[in-house]
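Try each task before you read its solution.

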Amino acid sequence: MPDFSCIVGHYNIVRSLKESIINDTVSHAYIFCGAEGIGKKIMSNCFAKSVNCLNVSEGDSCGKCRSCVQTESGNNPDVFYVKPVKTKSLGVDDIREQIIEKVKIKPYSYKHKIFIVDNADNMTVQAQNAILKTLEEPPEYVIIILIAENIESFIPTVLSRCVVIKFRALPSNLIKEYMIFKHGMSESEAMFYAEYCKGSIGEALRISNDEGFYQMREDTINCMTKIDSLNVAEAMLMVKDIEKYKSATLDIMYMFYRDVLFYRFFGDEKRVIQKDKINDIKEQALNTDIKTIAKRLTSIENAKKEQRSNANFQLSMEVLFINMKES
């Protein structure tokens with residue numbers, strides 16, 4: 001388990017948490033909110049490790065004391081990871097058994113008793129109401145960290161009793177450098193993952209090791225290179241080839257036409273992200289005018305908005321392909 005110095009980006013958050021440890025102003029409850037894979041879990045682990053470190057220095061853990069060793073091995077008696085037992089949602093019983101009953105008992109060995117709740121935005125309303133009293137009148141030794149993607153899932157009374165820390169998307173260049181120096185990727189490969197993952201190192205690492213993602217990208221770009229030569233009926237059949245990949249295909253489509261537009265406009269490869277697909281990009285750019293490319297980008301963006309609203313994927317894709325054929 002790393003310490004704060006190993007975290008990529010999020011410098012303001014790291015500084016704030018370290019200062020709270022140094023000044024002994026640690027809050028009793030936090031909500032770490034942000035996209036999946038953006039660094040919330042590693043930050044919560046580093047924080048939990050540091051607040052109970054026996055030799056904490058400048059707000060960071062030593063990594064060598066008994067508390068640090070136990071936290072790293074997952075055996076710290078004062079650090080609890082709260083998860084649902086029976087269903088995907090965190091229910092009242094989960095909160096009562098894993099938090100409410102345990103906060104009554106003082107820490108076994110260290111200064112703080114820490115509860116890390118992953119996917120806390122999956123707490124039912126009843127579970128959130130159950131934890132309210134603990135948030136309102138917490139024992140001085142308790143720290144609760146709620147990890148969430150959707151801040152809107154929390155009821156107002158829970159939000160008002162927690163320090164909300166929002167994790168922003170990391171700059172692409174920062175992720176690119178991390179993928180190059182920590183994982184030995186080429187610059188072009190690292191650039192693709194950095195751009196595709198939308199500011200999330202965790203997502204960049206996930207897709208870089210996912211053979212299914214590679215196949216999805218191949219199938220999606222294959223569709224884009226063939227669409228102009230197909231009639232509408234044939235294009236509709238092609239929807240079925242990529243339907244299994246769901247909305248991830250839309251991000252690849254958008255990036256593909258973004259590269260086509262930049263190559264068409266500037267006439268060189270410098271601004272192209274998917275350099276391994278340069279031949280497909282060149283061919284599409286040479287055979288498609290800028291106005292058509294721009295319309296297709298708009299159509300893809302509209303389809304992405306529909307998916308965020310939980311629209312039917314196949315229907316959205318069929319409309320998208322028709323729009324692309326007509327552009």
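Helix axes here are lines fitted to C-alpha atoms over the stretch in contact, and angles run from 0 to 180 degrees between N-to-C directions. Helices (H or I, at least four residues) and strands (E, at least two) are DSSP runs, numbered from the N terminus. This is a predicted model, in which local features need pLDDT of at least 70, side-chain atom pairs count only at pLDDT 80 or more, and totals for chains, interfaces and linings use all residues. Residues are numbered from 1 along each chain as its sequence is written, and side-chain values use heavy atoms, with hydrogens and water left out.

**Exercise 1.** Find how the axes of H8 and H10 cross, and which residues meet.

Solution. Start with the axes: those of H8 (residues 187–196) and H10 (residues 211–226) come within 14 Å and cross at roughly 90 degrees. Angles of 65 to 115 degrees count as roughly perpendicular, so H8 and H10 are roughly perpendicular to each other. Next, look for contacts (heavy atoms within 4.5 Å): Phe192, Tyr193 and Tyr196 of H8 meet Phe213, Met216 and Arg217 of H10. Finally, sort the residues of this contact by class: five are nonpolar, none polar and one charged. Ala, Val, Leu, Ile, Met, Phe, Trp, Tyr, Cys and Pro count as nonpolar, Asp, Glu, Lys and Arg as charged, and the others, Gly among them, as polar.

**Exercise 2.** Work out the relative direction of H12 and H14.

Solution. The axes of H12 (residues 248–266) and H14 (residues 290–308) come within 10 Å, crossing at roughly 160 degrees. Since angles over 145 degrees count as roughly antiparallel, H12 is roughly antiparallel to H14. By class, their contact has 12 nonpolar, one polar and six charged residues.

**Exercise 3.** Is H2 mostly covered or mostly open?

Solution. Count the buried residues (under 20% relative accessible area, 1.4 Å probe, protein chains only; exposed is over 50%, partly exposed in between). In H2 (residues 40–51), 10 of the 12 residues are buried, so the helix is mostly covered. Among the buried ones are Met43, Cys46, Phe47 and Val51. Their cover includes H1 (11–22), H3 (66–73) and strand E1 (29–33).

**Exercise 4.** Where does glutamate 58 lie, and is this residue buried or exposed?

Solution. Glutamate 58 sits in the loop between H2 and H3. Its relative accessibility is 66%, so glutamate 58 counts as exposed. Check the backbone too: phi of glutamate 58 is near 55 degrees, a positive value in a residue other than glycine. Most residues other than glycine have a negative phi.

How values were computed:
Angles under 35 degrees count as roughly parallel, over 145 as roughly antiparallel, 65 to 115 as roughly perpendicular and the rest as oblique. The expected span of a helix is 1.5 Å times one less than its number of residues.
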